[in-house]
Amino acid sequence: MDSYDVVVIGAGFAGLVAARELSLRGHSVAVLEARDRIGGRTWTDERLGRRLEMGGTWVHWLQPHVWTEVTRYGQRVEPSPASQAVHWIAGGTRHESSPEEFDALISRGMDRLARESREWFPLPYEPLHRADLDQIDHLSVADYFAKIDLDPAEREVTTGVWAEHFNGPAAVSGLTQAMRWCSAASGNWPLLHQATSGYRLVEGTGALIGAIAADSNAELRLGTAVTSVSQDSGRATVTTADGSRITARQVICTLPLNVLSSIDFEPALPAAKLAASAERTASQGLKTWIRVRGEVAPFTGYAPDDHDLTFVHPEYAVEGDTLLVAFGTRAADLAPDDVEGVTRALRAWRDDLEVVDVAGHNWMADEFSRETWPMQRPGQLTKYLAALQEPHGAVRFAGSDLATGWAGFIDGAVESGLRASRSAHEALRGPRG
Ligand SMILES: Cc1cc2nc3c(=O)[nH]c(=O)nc-3n(C[C@H](O)[C@H](O)[C@H](O)COP(=O)(O)OP(=O)(O)OC[C@H]3O[C@@H](n4cnc5c(N)ncnc54)[C@H](O)[C@@H]3O)c2cc1C
């Protein structure tokens with residue numbers, strides 16, 4: 001039986017950052033990854049004539065942990081094209097306005113949410129700082145905007161913008177998660193929008209995570225799905241799908257929350273971790289790339305969450321055509337590679353665009369994720385976050401799902417990997433150091 005100081009389960013950003021930190025501190029580390037590639041929910045792949053991001057894409061200097069990695073590995077960012085117009089849908093009708101007019105339309109609701117975010121979350125890296133969060137944690141973003149004084153179009157559009165941010169229906173999107181995002185952007189929602197979709201890595205997320213992996217002394221085993229983790233007398237045994245068993249003094253588990261229960265733990269995981277995994281995250285949507293004929297001037301499309309696509313934006317020119325990125329809130333209703341369905345959904349904004357082809361990865365159907373970017377439902381912050389961050393014997397947990405600051409982002413994955421590696425190192429070193 002192979003034996004290591006640490007076994008890390010999962011080779012996404014959380015897992016590979018934790019593995020790098022621990023291996024560079026001199027611990028023996030193995031990373032077990034079910035897929036045949038690293039990156040997890042980030043995946044830079046050749047599609048539709050160029051290199052595209054199937055998962056996580058945009059990063060920002062406002063996100064301290066991922067930005068440190070950008071600096072450390074000499075990566076560069078470039079802006080996504082600035083929109084010249086916004087096409088939006090309200091009351092079942094199409095509208096077109098300038099980006100400034102659109103921002104004015106959503107500003108009353110966004111200003112209020114952003115202002116209140118600083119009251120409820122004065123310290124973004126202490127999301128449970130206020131003891132009275134239960135007063136708002138049961139609310140969805142749809143509940144929140146339904147209660148405040150907005151015109152019907154303002155309400156519909158602002159709620160739709162948040163459904164897009166959650167990659168899930170507004171009715172299951174937790175208000176506190178929206179506030180945590182706003183607070184992390186210091187209560188400035190235009191800055192939040194810039195941080196979430198303004199700047200992408202020139203060489204792709206694949207180059208960044210590749211640099212992290214190359215800077216590590218950990219042993220990486222791809223195509224190695226973990227099926228169980230058992231613990232006895234302070235030592236863990238990790239079993240993989242081919243029946244191999246590996247022992248470790250510490251285990252760092254970085255599974256997405258929705259698949260956490262796919263591993264058998266002995267002793268069993270505490271009830272709160274299992275309940276959070278069974279309840280699932282709010283995110284249940286899709287990301288798709290659409291190649292349309294000819295050059296298209298940059299625009300943004302927003303639609304309410306009863307549309308199959310809720311956001312669209314041109315990102316690249318390729319061979320005289322344009323590549324649009326689009327998101328929807330329900331992958332169950334529209335698969336990201338369904339050419340006909342995506343074409344139909346795009347027509348809600350623009351029927352002048354001719355679709356050549358579409359490409360995307362269905363993260364909801366993917367047995368190693370079953371979610372897109374992790375977003376909490378109403379109530380999940382106060383019920384589960386602290387419990388999800390707790391170790392279980394020698395097993396520590398990391399991943400963007402349970403990050404403290406920019407939860408849901410690559411930044412959150414890096415942050416959680418750093419935290420888990422620090423506490424595993426302290427446990428390995430023992431009380432006397
Ligand atoms: C469509 C999409 C768009 C996004 N856009 C952005 C964005 O623009 N900006 C941003 O910052 N973030 C974005 N995100 C979110 C970001 O990509 C994730 O939050 C982050 O990559 C998660 O990293 P992680 O290490 O926590 O989890 P993961 O990347 O999911 O890593 C977990 C790893 O565990 C592996 N695994 C699962 N089960 C097993 C098992 N049984 N045994 C072994 N290994 C297993 C998985 O294969 C995976 O590699 C997006 C995500 C998606 C899906």
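Which residues does the UniProt annotation "domain: Amine oxidase" cover? In the unreviewed UniProt entry, this annotation covers residues 13-422. UniProt positions are given in the numbering used here, feature names are shortened, and annotations may be inferred rather than shown by experiment. The structure is a predicted model, in which local features need pLDDT of at least 70 and side-chain atom pairs count only at pLDDT 80 or more, while totals for chains, interfaces and linings use all residues. Residues are numbered from 1 along each chain as its sequence is written, and side-chain values use heavy atoms, with hydrogens and water left out.

Over residues 13-422, the span is 34% helix and 22% strand, and its end C-alpha atoms lie 16 Å apart. Helices (H or I, at least four residues) and strands (E, at least two) are DSSP runs, numbered from the N terminus.

The strand pairing around β12 was examined next. Two strands pair if DSSP finds at least two bridges between them. Strand β12 comprises residues 245-253, and seven of its nine residues are buried; buried means under 20% relative accessible area, exposed over 50%, and partly exposed in between (1.4 Å probe, protein chains only). Strand β1 (residues 2-9) runs parallel to β12 and is joined to β12 by seven bridges. Within this pairing, D2 has I246 of β12 as its bridge partner. Strand β19 (residues 395-397) is also parallel to β12, with three bridges between the two. Here C253 is partnered by F397 in β19.

Strand β11 (residues 235-240) runs antiparallel to β12, and four bridges join the two strands. The bridge partner of T239 in β12 is R245, and T237 stands opposite T247 in β12. These two strands form a hairpin with four residues between them, and G243 in the turn has a positive phi of about 90 degrees. Five of the six residues of β11 are buried, so β11 is largely enclosed by the rest of the structure. Six bridges join β11 to strand β10 (residues 226-232), and these strands run antiparallel. In this pairing V226 has T240 of β11 as its bridge partner. The hairpin of β10 and β11 has two residues between the strands, and S233 takes a positive phi near 45 degrees. In a regular strand the side chains alternate between the two faces of the sheet.

Charged side chains were then considered. A salt bridge is a side-chain nitrogen of Lys or Arg within 4 Å of a carboxyl oxygen of Asp or Glu, and the count by this rule comes to 27. R221 and E219 form one of these salt bridges, at 2.9 Å from N to O; E219 is partly exposed, with a relative accessible area of 33%. A salt bridge also links E279 and K383, with the closest N and O atoms 3.2 Å apart. E279 lies in helix α10 (residues 271-279) and K383 in helix α12 (residues 380-389), so the pair ties together parts that are 104 residues apart in sequence. Both residues count as partly exposed, E279 at 30% relative accessibility and K383 at 46%. Salt bridges that share partners join R20, E21, E69 and R72 into one network. R20 is buried at 0% relative accessibility, and E21 is buried at 19%.

Rings of Phe, Tyr and Trp (its six-membered ring) pair if their centres lie within 6.5 Å; planes under 30 degrees apart count as stacked, over 60 as edge-to-face and the rest as tilted. The search finds 15 aromatic pairs. The ring centres of F102 and Y302 are 5.0 Å apart and their planes are at 5 degrees, so this pair is stacked. F102 lies in helix α3 (residues 99-120) and Y302 in strand β15 (residues 299-302), so the pair ties together parts that are 200 residues apart in sequence. F102 is buried, with a relative accessible area of 3%, and Y302 is buried at 12%. One aromatic cluster is formed by W58, W88, F102, Y302, F311, F327 and W373.

A charge sits over a ring if NZ of Lys or CZ of Arg is within 6 Å of the ring centre and within 35 degrees of the ring normal. The charged end of K273 sits over the ring of F397, at 4.0 Å from the ring centre. R47 lies over the face of W43, 5.4 Å from the ring centre.
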